[in-house]
Amino acid sequence: MFNRALIIGSVLFITTLSIYFLSREKEVDFNTQVKPILNKRCVACHGGVKKAGEISFLFANEAINTKGKSGKTGIVPGDAEHSEFYKRIISKDPEDRMPKNEEELPEEEIEILKKWIDQGAKWGDHWAYTPPQKVDVPAVGSFLGRLGITDDKEVNWVSNDIDHFILDKLKEEHLTPSAKENKSTLLRRTYLDLIGLPPTTKQLNAFLADQSPGAYEKVVDQLLASQHFGEKWAGMWLDLARYADTKGYERDVYRNIWRYRDYVIKAFNQDKPYDQFVVEQLAGDLLPNPTNDQYIATGFHRNTMTNDEGGTVDEEFRVAALIDRVNTTFDVFQGTTMGCVQCHTHPYDPFKHDEYYKLMAFFNQTRDEDVVSETPYLKFYNEKDSLKIVALKSWLNRHANPETRKTTEKFIKVLEPKFNSHDIERASVITSTLLDEKYLGLQHTGLGKLKNVTLTGKNRLLIQLSTGAKKGVLKIYTNEQNLTEFQVPSNKDTVMILAIPELKGKHTLNFSFTNPAEPKTWLTVKWVAFQKALAETDPKAEIQYAEILNAGTDNAPIFIDGEGDLLRKTFVFERGNWLVHGKEVKPDVPSYLGKLPVGYPKNRLGFARWLVDGKNPLTARVAVNRYWEQIFGIGLVETQEDFGTQGFTPSHPELLDYLALKFQNDFKWSSKKILKYIVMSSAYQQSSKTTPELMEADPYNRYLARGPRVRLNAEQIRDQALVVSGLYSPKMYGRSVMPPQPKGLWQSPWNGEDWKNAENEDRYRRALYTYWKRTSPYPSMTSFDAPSREFCQIRRIRTNTPLQALVTLNDPVYVECAIALGRKMKNSKGKVSDKIRSGFKEIMKRDISNDKLAILEKTYNESLKSYKKSPEESVKLLKSTGPDPELAALSVAANVMLNLDEVITKE
């Protein structure tokens, strides 16, 4: 009896468990099954852009238990039959059936939606918007193998935890890892990945000779410590920062922002923690006592374009820059497309229209206003003027109060706060204008008005003027009294410090210019500022202050926030139109990504800290995914630019979370440590050789059953040619240079600037230092998919076109490199075949195959015959004083080698 009852009970228990697990297996997953259907079929009409019938399927609170315009409940959890949503998708009436005027949903999709509703219509959060979860590292091999008792292939293969995740996925896909790459190819791959340059023959021989178990790790550590590491990874970052040496738009004239590029190089070389790197670029100016480097770091968002063309409205393009900053910030640090939220709630992801402008409010106080002078900027003084500043600071420390000292030192450094002249209204139609829509211009009887200026505690007016008038007089007065009247010096860009009476409260200032002797001569006012006197009893300090402000300086565009009268309100733009203001908003973060913690300032600094405080679900994931893509050629999330519901799902979701947490917690945001961790994995060190079976099973190598094999980027292709030919210059930092490019491509009708080929070693510097003009980027790099950098480029989509072969065969740089490599081959020992072998090994760090050698020998012999027949052609090619058919023929062979697919590919 006891046994029978036990058996019956066991059967019932097992049956109950079976039913439970079967029901769990059948549960519909919202994110992977339901959300894709809603995105594809429904949200175009019922989402963020429009809400037909007052129904939206973007947010749970707008979709579940919500009545539409018809008065019927769209989705009733647990009851599909009484859900209007379900009734509409199965209706046979074309007037009622959804999607409207589209094909009927497939039966399998209808069944998924019905099951989902009947199971309670559980709304899921998209994976990317939930914090990374700590995951268990998958076990590999047998139990005895893990203990080291038996020999186990899987246990032997793994090098670190990355390999556990990779191997687990490979087994799921019925794939196996490839053999380890040969040392020569692995060394070239690692050099190109970590420093962007190929190894030298000496470095290759040293690695091949080192047979110690730690030989590879030793090389990795050397590369991470190399000064060229920062150059390689800065190249990646400059695409994100849309760095260029020009301002963009039609005029596209020079911008002096190269110091930002150098900051990025140094940051990577110093292994500046990523969280600090982010904060400095978004809000370095708001840190306590910011250093020059922290100011320069804010150039990240001063890389936005400005429009110097006459007739443009500064405020329009200031707003355009603001919009670009919001979009770029979320593109770069959150992998989220926010551009569409400017006009409406996101059609697919949980970001509301007004949240876009709350984000904009963080950036809306910056003092850049699309002015031609690029202010605010960090001023760099020469040695003589720097000594004057030291002397003035010493005087201020002895005689001025802390507030005056701080204000003066800041103004010397960044020339803020001040009113730009476009803030001054033109009160006379004919004799006052914005000259070229840039600066206030006044002729005789011209009048301008600056409204609502707080003058409390300010008894000095600072103004920058330019005029050719000899006896022009400028009078500045309020509606109540005269402030100052003086004869304007006939000079360009003179800064004057003028005493004014002490007034309280806000006032309107009038600027009246009289010049009857030269009534058509313009006075230009560039900016106006108001400060407290340094000292009423010591005019020498103020004279020295004026001398410093009039000194010539080199300037770097930076961020500085306005204060007082310069603060701005932020409004929602109705339908994205900057001229149509809706409700006022305050700075805040999207609610779906959490809240700005209590104690964080509601400015750019608070926002930047929120991004990297370890609680943001996207920041670390996006960063490690970017590093992964740079190494393997494809990210764990292929769509780096879109982690949202329309982007690709991760190929290895657990690995992505594991690396994100390791990056921010274990490695303390160290870029070098996470990169070392990746390249030390066995997955990275695999051979890149493929098979038809592998290509069919995993054509894009997402599962990593083989090592990475991708074409080098534009800069690496050029830099490699320079290195292997012996022309490369390791010179770092400084202003951008102009290496040779085909003539006639670069024209600047605005100012007559022309491309002037660099001389000496500057011709052969890394591509990172090449002058980047947005409307005409360096042509050989654009052929290999480099962007114009008018906007942020999250990833370069690799293309394959005949133009690329024409570049590597005919571009002046590659021809010059081929000649230099041909000269090295000529000077090497042995017969022609030996010379060609040496040239190929110089490039690829491995021996050439016999069939390729035969082709190159044939190319050499045919070229030699041709140049001997027409020796003057060798003179043209080599640009030499006399013919040299042998060198010319070897140069042709070198040119062919530099054009080989394997040469421009990382294997």
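Which residue does R796 meet in a salt bridge? I started my notebook with that one, keeping in mind that this is a predicted model. The partner is E715, with 2.8 Å from N to O. I then looked up where the two sit. R796 is in the loop between α27 (779–783) and α28 (802–810), while E715 belongs to helix α26 (residues 714–725), so this bridge ties together parts that are 81 residues apart in sequence. I also checked the burial of both ends: R796 is buried, and E715 is too.

**Salt bridges, continued**

I counted next, and got 60 salt bridges. Some of them share partners: R709, R846, K852, D901, E902 and E907 are joined that way into one network.

With D385 it makes a salt bridge at 3.9 Å, N to O. Both residues lie in helix α18 (residues 383–399), 3 residues apart, which is about one turn of the helix. K388 comes out as partly exposed, at 22% relative accessibility, whereas D385 is buried at 9%.

The other partner of K388 is E547, and here I read 3.6 Å from N to O. E547 sits in helix α20 (residues 539–549) and K388 in helix α18, so this pair ties together parts 159 residues apart in sequence. E547 is partly exposed, with a relative accessible area of 40%.

**Rings**

I turned to the aromatics and got 37 aromatic pairs. One of them is F30 with W123: the centres are 4.6 Å apart, the planes make 35°, and the pair is tilted. F30 is in helix α2 (residues 30–41) and W123 in the loop between α5 (107–118) and α6 (143–146), so the contact ties together parts 93 residues apart in sequence. Is F30 buried or exposed? I looked, and F30 is buried, with a relative accessible area of 4%. W123 is partly exposed at 22%.

I noted a second pair, W127 with F643. Their ring centres are 5.7 Å apart and the planes are at 45°, so I put this pair down as tilted. It links distant parts of the chain: W127 is in the loop between α5 and α6, F643 in the loop between α22 (619–632) and α23 (653–666), 516 residues apart. F643 counts as buried, at 0% relative accessibility.

**Charges over rings**

I logged two of these. R789 has its charged end over the ring of W772, 3.7 Å from the centre. K662 lies over the face of Y677, at 5.1 Å from the ring centre.

**Nonpolar cores**

How many residues does the largest nonpolar core have? I get 168. The members that touch the most others are W237, Y260, Y274, F607, W628 and L659. I also asked which element gives the most to this core, and that is α22, with 8 residues.

Leaving out residues up to four places away in sequence, L659 touches I162, V624, W628, L636, I674 and Y677.

How values were computed
Residues numbered from 1 in each chain as written. Predicted model: local features only at pLDDT ≥ 70, side-chain atom pairs only at ≥ 80, totals over all residues. Heavy atoms only, no water. Phe/Tyr/Trp six-rings, centres within 6.5 Å; stacked < 30°, edge-to-face > 60°. Helix = DSSP H or I, 4+ residues; strand = E, 2+ residues; numbered from the N terminus. Buried < 20%, exposed > 50% of the residue type's maximum accessible area, 1.4 Å probe, protein only. Lys NZ or Arg CZ within 6 Å of the ring centre and 35° of its normal. Salt bridge = Lys/Arg side-chain N within 4 Å of Asp/Glu carboxyl O. Core = buried A, V, L, I, M, F, W, Y, C linked by side-chain atoms within 4.5 Å. Contact = heavy atoms within 4.5 Å.
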